[in-house]
Amino acid sequence: MSKISSINSATRSAEISSTVGSSHTPAMGGVTFQEKFNFPDIQLKERSKTDAIPEERLNYDTFVKLFVEILQSGVDIVPTLPKDHGEYIVEASFKQSTSKNKHHTIHAPLRGVRETLVAPHMLAINKNLSYTVERYVEPIFLASTDEDILRLIVVIGHEFGHYLSFIRGNHDNDLKVGLYLLNSKQARAEVAKFTWLVFREESTAWRYAEEVLHRGKFDLWHEFNQVKFNSLQIYFKTLKLEKASLDVYFKLSLLGDDFLKSCNSELFKTGQVSASASK
């Protein structure tokens, strides 16, 4: 079963953390989503051979199209070192630029490469972009199994979803306050009017990831959803949203299954069933 690791203190490497500004005050600068995903049991054994050329490998086209779309959006892709600790672990992040002269970045453990894949200037984007990406990803495929590539697609798609949420204006000051409260371990029912926005942002990032991957002809949705819902459940628990007010619950309910599959409030679930039965 695929899962995402728990959220604790933002200072340790074995966590998911969403940070904003300093560790003392909720600064209104850029936002960083730094997340650690555990995939202990993804099995594609019949398709995990690495002796085929990259172009014939599982998810090659999806991987290339995802990278092309990220670069077309003006976002750089920064390789980091894989961190395997007895299980398959992928740490990835989206970092919002605080300078107009620098690109936003997505960081992910890409085997076989060390150089950043820099988004070209808008005027330089042309048909050669796909060729540039294909050359860049070739050593990644040669150094990775099909399972590795699947993990990267899921987490990079999610981090790109945070970028797409950002450019649509969702990263407002209230969300930044919610992230600060999460990061400083102050999440509780009394501040749920801010912290529920963190859960909404996570749901939004997964939704945008789904849209992007659909365009890339991705079709391993069972594995994708395992990670997605495990992640949302942990955010829901860590944000202590089960103790939030009914007003917050009704806002969360607008997120549909993302909320219902994460909520552990029997009272709310019973109420939903009763309401459905009375119709």
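This is a predicted model: local features need pLDDT of at least 70, side-chain atom pairs count only at pLDDT 80 or more; totals for chains, interfaces and linings use all residues.
The chain contains nine helices and six strands, and 50% of its 279 residues count as buried. Its accessible surface amounts to about 13800 Å², with 50% of that area belonging to carbon and sulfur atoms. Where contacts are taken between residues at least 6 apart in sequence, 74% of them join residues at least 24 apart.

Helix α4, spanning residues 173–183, is mostly covered, eight of its eleven residues being buried; among them are L175, G178, L179, Y180, L181 and L182, together with the polar N183 and the charged K176. Just after this helix, K185 adopts a positive phi of about 60°. In strand β6 (residues 104–109) lies H107, which counts as buried because its relative accessible area is 15%, under the 20% limit. Leaving aside residues up to four places away in sequence, H107 touches V78, T80, E91, A92, S93 and K95; of these contacts, that with S93 spans 14 residues in sequence, with a C-alpha to C-alpha distance of 5.1 Å.

Side chains of opposite charge can pair when their charged atoms come close, and the structure holds eight salt bridges. In one of these, D148 pairs with R151, the closest N and O atoms being 3.2 Å apart. The two residues are separated by about one helical turn, because they stand three residues apart in helix α3 (residues 146–167). Both partners are buried, D148 with a relative accessible area of 12% and R151 at 2%.

A further salt bridge links K251 to D247, with 3.7 Å between the closest N and O atoms; these residues lie four apart in helix α7 (residues 246–253), about one turn of the helix. Here both partners are partly exposed, K251 at 35% relative accessibility and D247 at 48%. Salt bridges that share partners also join D148 and R151 with R111 into one network. The side chains of R188 and E190 likewise meet in a salt bridge, at 3.7 Å from N to O, in which R188 is partly exposed at 38% whereas E190 is exposed at 62%.

One of its members, E56, lies in the loop between β3 (31–38) and α1 (60–72), and E56 counts as exposed because its relative accessibility is 59%, over the 50% limit.

Note on methods: Residues are numbered from 1 along each chain as its sequence is written. Side-chain values use heavy atoms; hydrogens and water are left out. Buried means under 20% relative accessible area, exposed over 50%, partly exposed in between (1.4 Å probe, protein chains only). Contact means heavy atoms within 4.5 Å. Accessible areas come from the Shrake-Rupley method with a 1.4 Å probe; for residues, only the protein chains shown count as cover. A salt bridge is a side-chain nitrogen of Lys or Arg within 4 Å of a carboxyl oxygen of Asp or Glu.
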